[in-house]
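Biologist: I've got a new structure open and I'd like to get my bearings. Can we go through it together, one question at a time?

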Amino acid sequence: MATKSGVVSQPADTDVALAGAIQHEHELSFWQAAELYPKAVGWSAFVSIGVIMLAFDPQIIGNMFAMPQFQKDFGFELDGKYVIPAAWQTGLSLGNPIGQVVGALFSAYPLELFGRKWTFFGCILLTACLVFIQFFARSLQVLLVGELLGGLVLGCFVVIGPTYASEVCPLALRGYMTSYTNLCFVTGQLLGNGVTAGTAQLENHWAYSIPFALQWFWVLIIIPGIFFIPESPWWLVRKGKIDDAKDALRRLSSSKVDVDATLAVIAETDRLELEMEAGSTYLDTIKGVNLRRTEISTGVYTTQVLSGIYLINFGTYFFEQAGLPSQESFYMGIGFLAVGWICTVISWFLIARFGRRRIFNVGLTVLIIMMFIIGILDSIPGRPSGVAWAESSLMLIWNGAYDLSVGPVTFVILGECSATRVRSKTIAVATAVQAVFGIAMTVAIPYMINPAEANMQGKLGYFFGGLGVICLVWAYFRIPETKGRTYEELDLLFDRKVPARQFKGYQVDVTAVPAQS
């Protein structure tokens, strides 16, 4: 019923139950939450394996361009050496990200229609089939088809992973399990480098066939467990399957959890979004208050690209052009990803202690400063011999700083800023926009580095430093602090149009919502 102040109130008993459930979630520490929801952690990590597959594929393709046997089987002879035509290198590198744009946008439909579990299962089966094209490809044309079709499916995993994690984990675990997506990215890239390094010297088709075949390894791991994955209780509530949602919550938590109270919070959040006229179509992601939420999600994800992360895909080539010998460049490339993996794990301690907004903005500032230092070093007249090692070392540190901040916290913000009813679609839109910028960088960076083209070498630091400044200004005014907020609280904060810099201290009454006019 509506009060004189224009507030719609819930029945007193419901108010008390909801307030108690929300307060309990706020009070949970990490270890308490992990003890109460161990299966939610495990299943979230299991579903995120798809992101490892997504990162593995483009990494092995990029490394194959340097494989002698791949060059011989797919390239042409030039001055006594086999080379892959530049146009085909670009085409194969673009096949996966182009597929991701379409795949990410398409994924939201089966996610909403069939749920998270069965969409994940369908993508795994399709991946298993499409790897056959890559494995048996003996021409660049067939391989390109395999990469494009593979990208369509792999693009779905980066939407499924963080969506599922944000919906099955309680508040105290949400930041860790959504940022785990970044760790999966780095893991896939690191494994891709390790596998191709181990097979590169083989003198037959197995040099490149083994890396392709190893993608079936993940399929074999996932399929036996797919039937036991609990469906997202949030999706089940939206579909009116309350009993199934309760069963899913029981399977995701220990016996100590009050499933009825948790279910009541989910149902109330869904009711609140319906009252706010929050729909579940792509158009709804840019309507009303959701436009701001989609802008934030898209902005943080795109900042990853604009800050310079795509240099990782050309890391070894960048180090070579910076002046390092080939073997040292390869080792630096491995170290690049190893540092990223370690720093992503360390980032969980930062996420526990500091807010999302602070981690993102401070981290981005550090990345910008280091990029400008790299550019300045490259501008030293005569370019002393030590500059190459200095630039490469700074890039190594830059990558560590990225995986301590902007890298992992982006996925936390993605899960928290998107409304629950359009979460999969918001993440899909953000992924597609980020992939479009990624395609642009995939085309531009080789030309900017190539000695026969722009030959910018370390001066790329000026380029990415400048783009980073623009992103930092946007981030300061637009990214809110979402740490420690339930989804219902976030709905109310966005609905009341609270400025980003006031989110942290704003007091929210979760037992009342504004009346609709």
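Biologist: How do α3 and α8 run relative to each other: roughly parallel or roughly antiparallel?
Modeller: Keep in mind that this is a predicted model. Helix α3 covers residues 38-47 and helix α8 covers residues 140-168, and they pack at an angle of about 170 degrees with their axes 9 Å apart. Angles over 145 degrees count as roughly antiparallel. So α3 and α8 are roughly antiparallel.

Biologist: Which residues of α8 does α3 meet?
Modeller: From the α3 side, the contact uses Ala40, Trp43, Ser44 and Val47. By class, the contact of α3 with α8 has seven nonpolar, two polar and no charged residues. The partners in α8 are Ile160, Gly161, Tyr164, Ala165 and Val168.

Biologist: Which helices do Arg293 and Asp491 lie in?
Modeller: These two side chains meet in a salt bridge at 2.9 Å, N to O. Arg293 is buried, with a relative accessible area of 3%, and Asp491 is buried as well, at 2%. The pair ties together parts that are 198 residues apart in sequence, because Arg293 lies in α15 (residues 290-306) and Asp491 in α23 (residues 487-495).

Biologist: What about Asp260: how far is its C-alpha from that of Lys246?
Modeller: Asp260 is in helix α14, which spans residues 259-275. With a relative accessible area of 46%, Asp260 is partly exposed. Asp260 and Lys246 are 14 residues apart along the chain, and their C-alpha atoms are separated by 7.3 Å.

Biologist: What covers the buried residues of α11?
Modeller: Helix α11 (residues 215-226) has 12 residues and reaches 17 Å from its first C-alpha to its last, close to the 16 Å expected. Its buried residues are Gln215, Trp216, Trp218, Val219, Ile222, Gly225 and Ile226. What covers them includes α3, α4, α7, α9 and α10.

Biologist: Last one: which residues does Thr127 touch, leaving out those up to four places away in sequence?
Modeller: Thr127 lies in helix α7. At 5% relative accessibility, Thr127 counts as buried. With residues up to four places away in sequence left out, Thr127 touches Met53, Val153, Leu154 and Phe157.

Methods: Residues numbered from 1 in each chain as written. Predicted model: local features only at pLDDT ≥ 70, side-chain atom pairs only at ≥ 80, totals over all residues. Heavy atoms only, no water. Axes fitted to C-alpha atoms, helices over the stretch in contact; angles between N-to-C directions. Helix = DSSP H or I, 4+ residues; strand = E, 2+ residues; numbered from the N terminus. Parallel < 35°, antiparallel > 145°, perpendicular 65-115°, else oblique. Contact = heavy atoms within 4.5 Å. Nonpolar A, V, L, I, M, F, W, Y, C, P; charged D, E, K, R; others polar. Salt bridge = Lys/Arg side-chain N within 4 Å of Asp/Glu carboxyl O. Buried < 20%, exposed > 50% of the residue type's maximum accessible area, 1.4 Å probe, protein only. Expected span 1.5 Å × (residues − 1).
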